[in-house]
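Me: I would like to go through the labels used for this entry and set each one against its cut-off.
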Amino acid sequence: MTFRIAVLALVIGALAGAWWLLHSLGMPADLSPDTLSEWLGSQGATGPLLLMLLMMIAVVVGPIPTLPVSATAGLAFGILWGTAIAATGALLGAMSAFWIARCLGREAICNRFPDNPVLARDGSQRFLTIAVLLTRLIPVFSFALISYAAGVTAIKAWRFAIATLIGMLPMTLVFAGLGHTFKLNPVLTVLAGVAVLVAMIWLPWSISRHPGSRLARWLQLNR
């Protein structure tokens, strides 16, 4: 319990300190891509680092949307450099959220679901990697929520990092390239998210009924 309290205190302190630093440097209250890119451009060589810090906070805290920050990166630093900066910040934030959840909740999950093929200590790495990759591809899923949820599963940190990086790159590149002019179709985005969610729920159920199937062996859910 003391360890968990210390982790929470450290995280809250770090986030508060980072947010104070950004505001002390004049970060505007309006977080629109145009306004943010203008502010970052005025920060000189520290601009990319400040953007990465803002992206990390957006991922760890959650309510701050990450895609507008990606648009800001493209407006302020260009499509390729902006994509690299935004992706680095998002990955660092995702890994921070992942380890926070792992430190605070993984042991309890293992004790609660010792035989679950996804949550147990020897849970399916392949299935979890695919699940993270698919949810990263569709921006309807909360970037922060997926990071925290992955932290309490059996997925290895390096697999989570690779799936996160590969999965988020397409949308990060699009938003960095097209900036705030890009609009997602909300209906198609939600439908795609629902389809992925249904597939992720259906697969374990289907495989539990046919544990010897080729799909079960490939996903390594039939241990």
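Reply: Contact means heavy atoms within 4.5 Å. The model is predicted: local features need pLDDT of at least 70, side-chain atom pairs count only at pLDDT 80 or more, and totals for chains, interfaces and linings use all residues. Residues are numbered from 1 along each chain as its sequence is written, and side-chain values use heavy atoms, with hydrogens and water left out.

Me: Which residues is S147 in contact with, leaving aside neighbours within four places in sequence?
Reply: They are V59, A94, A97, F98, R136 and F160.

Me: Why does S147 count as buried?
Reply: Buried means under 20% relative accessible area, exposed over 50% and partly exposed in between (1.4 Å probe, protein chains only). S147 has 0% relative accessibility, so S147 is buried.

Me: Why is W99 called partly exposed?
Reply: The relative accessible area of W99 is 41%, so the label is partly exposed. F98, by contrast, counts as buried because its value is 0%.

Me: What makes F98 and F160 a stacked pair?
Reply: Rings of Phe, Tyr and Trp (its six-membered ring) pair if their centres lie within 6.5 Å; planes under 30 degrees apart count as stacked, over 60 as edge-to-face and the rest as tilted. For F98 and F160 the centres are 4.6 Å apart and the planes 20° apart, hence stacked.

Me: What makes F98 and W99 edge-to-face?
Reply: The angle between their planes is 90°, at 5.4 Å centre to centre, which meets the edge-to-face criterion. F98, W99 and F160 form one aromatic cluster.
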